[in-house]
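Thank you all for coming. Please have the sequence and the model open as we go.

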Amino acid sequence: MAAQTMEQLVSLCKRRGFIFPGSAIYGGLQGTYDYGPLGVELKNNLKLAWWRANVWERDDMEGIDAAILMNKLTWRYSGHEDTFVDPMVDCKACKLRWRADQISGKCPSCGSTELTDPRPFNLMFKTQVGPVPDPESFSYLRPETAQGIFVNFKHVLDSTSRKLPFGIAQIGKAFRNEITPRNFIFRVREFEQMEIEFFVRPGEDERWHEKWVQDRIDWWLSVGLSRQNLEPYHQKKEELAHYAKATVDLLYRFPHGLEELEGIANRTDYDLGSHSRDQGSLGLRARVSPNAHATDKLTWFDPDSKQHVVPFVVEPSAGVDRGVLALLSEAYAEEQVKPAPAERLKPVEEALATFLRSAARNEKLPAAAKDAIVAEGERIAQGLGERLPSIAGLLSLPGADGIEVAKKLRGQVDPVIDEFYRTVLHFKPHLAPIKVAVLPLKKNHAGIVGTAKGIRRTLQATGAMRVVYDDTGAIGKLYRRQDEIGTPFCVTVDFDTLGEGKDAALANTVTVRHRDTMAQERVAVPELEAYLREKMR
Ligand code: GAP
């Protein structure tokens, strides 16, 4: 089961410290999000998995990390100054601004149809460079990491003596002044990309393009996305970016709909040709603007034909933040641990109905907040037995706290959830923010606590996994809390571990509890590290 609504994910992410709204203390900054303690681990793990598969495990790839600020000429010759625009309209009634292609002639906020004509709006953030506010001393925050790769093509080639085909990979921040950022971290103004520019001989580009599409689908499956939620989409001619001959988007079924996760473009010789001097001598296939500033030709000398070649480029370009959102969505499940009897569900059902009636009557709630609460509440009510854990998300929706019977609903639902349900993130172990939680059966028993902390230290010292110690609740509650953040293994130290239990054979063993199956097994302490490493591989 994947997440059904974005609210489920937003609520979990905030509650457990994955992702917070940016600058919240000052009322926020639209289109920005901050990754919290668990979010940064998840994001780093995703980036590491990508780097490992695309750089370390290949013989034909180099990595770089280019500057975010680049000479502004980069963006002239890349085509971004002229073409990186979205059509924008203003609502004449409420003055809000929208992307013309995302609304159907009606302001989504106030409903007015009095809109200005669409005007082009450049998405690049302009910024002053240096202390003197001279009109020429400006640049842009890069809107894609790709250009940092193209302008370094010759440096990488010369310093590594690569031959075609080979690629350059980069992970880094990109910035776009999106007119309407929305859907949580799906469309934001500051985000990260994982991009590869793969350089091939002209004529071999179509074969490599196909190969990369399959490669990228396989990789997303390897990090846990399911095939039925991933769809390749071949862009139509009129949808292609100015540089592309063909593009295949990998669409993912996010909670808000089927949308782009990654684009794999055949960029031809457009980029290297655009950034080259003496373009007339290069036999370029792409139509590029004449370049009066470049100091070099971005070519590769083919030793066989003894000719300079401008390579064609295949570009798999994925969004890190969209990747994180897809992983969270795919991994999310609300599961019944054991069936709750009808007499325990009845009071919750009644409290939920009262809450929804009260929300519908509430005159202080803004209409959008009321609609969201009622829609989510009704969805839960239709399948209460399965969806009971979603009530936590319902109660964290904007405005829900202010409804007077919210506390009563929470009071009814919490004990039932604790006993019969769990929310769980079924991450692949290598992506889980925390790999192992070491838990003492008793938190005030010096022997148990000392042994548990010793195991935590030993596992931490391997440098191979993020390990935490937690003694802030009863063992059942601790398991649920680790399930909710996707920890694949809990290690419990008890009296048997100390040799003080009923079965002497269990001395110096611990219980390893598995997140997905909830199965438990005893493992000898000296074998624990090897056991966990093997399971995580
Ligand atoms: N270099 C090619 C390029 O940038 P793109 O389709 O504009 O192509 C590539 O962007 C990927 O970057 C997208 O598939 C998406 O995952 C991510 N991305 C683009 N704009 C984004 C935004 N505003 N917020 C989050 N991710 C974004």
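In the chain, Leu-397 sits in the loop between α13 (390-395) and α14 (406-420); helices here are DSSP runs of H or I with at least four residues, strands are runs of E with at least two, and both are numbered from the N terminus. If we set aside its neighbours within four places in sequence, Leu-397 is in contact with Glu-7, Ala-372, Ile-373 and Glu-376, contact meaning heavy atoms within 4.5 Å. From C-alpha to C-alpha, Leu-397 is 17 Å from Ile-185, and these two residues are 212 residues apart in sequence.

Before going further, a word on what we are looking at. This is a predicted model, in which local features need pLDDT of at least 70 and side-chain atom pairs count only at pLDDT 80 or more, while totals for chains, interfaces and linings use all residues. Residues are numbered from 1 along each chain as its sequence is written, and side-chain values use heavy atoms, with hydrogens and water left out.

Now the chain as a whole. It has 17 helices and 23 strands, and its C-alpha atoms fill a box of roughly 85 × 65 × 45 Å, taken along the principal axes. Of the 537 residues in the chain, 50% are buried. Among contacts in the chain with a separation of 6 or more, 66% are between residues 24 or more positions apart.

From the record, an unreviewed UniProt entry, comes the feature "domain: Aminoacyl-transfer RNA synthetases class-II family profile", placed at residues 7-347; UniProt positions are in the numbering used here, feature names are shortened, and annotations may be inferred rather than shown by experiment. Over residues 7-347 the chain is 27% helix and 28% strand, with the end C-alpha atoms 24 Å apart.

Next, a pair of helices. The axes of α2 (residues 37-56) and α7 (residues 205-222) come within 12 Å and cross at roughly 140 degrees, the axes being lines fitted to C-alpha atoms over the stretch in contact, with angles running from 0 to 180 degrees between N-to-C directions. The two helices are therefore oblique to each other, since angles under 35 degrees count as roughly parallel, over 145 as roughly antiparallel, 65 to 115 as roughly perpendicular and the rest as oblique. Where do they meet? Leu-46, Ala-49, Trp-50, Ala-53 and Asn-54 in α2 meet Trp-212, Arg-216, Trp-219 and Trp-220 in α7.

Let me turn to a strand. Glu-315 lies in β16 (residues 312-319), and Glu-315 counts as buried because its relative accessible area is 3%. Not counting residues up to four places away in sequence, Glu-315 touches a list of residues that includes Glu-144, Glu-195, Glu-197, Tyr-243 and Arg-267.

Some backbone details also deserve a look. Most residues other than glycine have a negative phi, and most peptide bonds are trans. A cis peptide bond, with omega about -5 degrees, joins Leu-164 and Pro-165, and Pro-165 is placed in the loop between α6 (153-160) and β9 (166-175). Ser-161 also lies in the loop between α6 and β9; its phi is positive, near 55 degrees, and Ser-161 is exposed, with a relative accessible area of 60%. Asn-183, in the loop between β9 and β10 (190-200), has a positive phi of about 60 degrees although it is not a glycine, and Asn-183 is partly exposed at 27%.

Finally, the cysteines. How many disulfides are there? Taking a disulfide as a pair of cysteine sulfur atoms within 2.5 Å, the count comes to zero. Cys-13 is in no disulfide, and the nearest cysteine sulfur, that of Cys-490, is 20 Å away; Cys-13 is buried, at 0% relative accessibility. Cys-94 is in no disulfide either, the nearest cysteine sulfur, that of Cys-91, being 3.7 Å away, and Cys-94 is partly exposed, with a relative accessible area of 27%.

Methods. Buried < 20%, exposed > 50% of the residue type's maximum accessible area, 1.4 Å probe, protein only.
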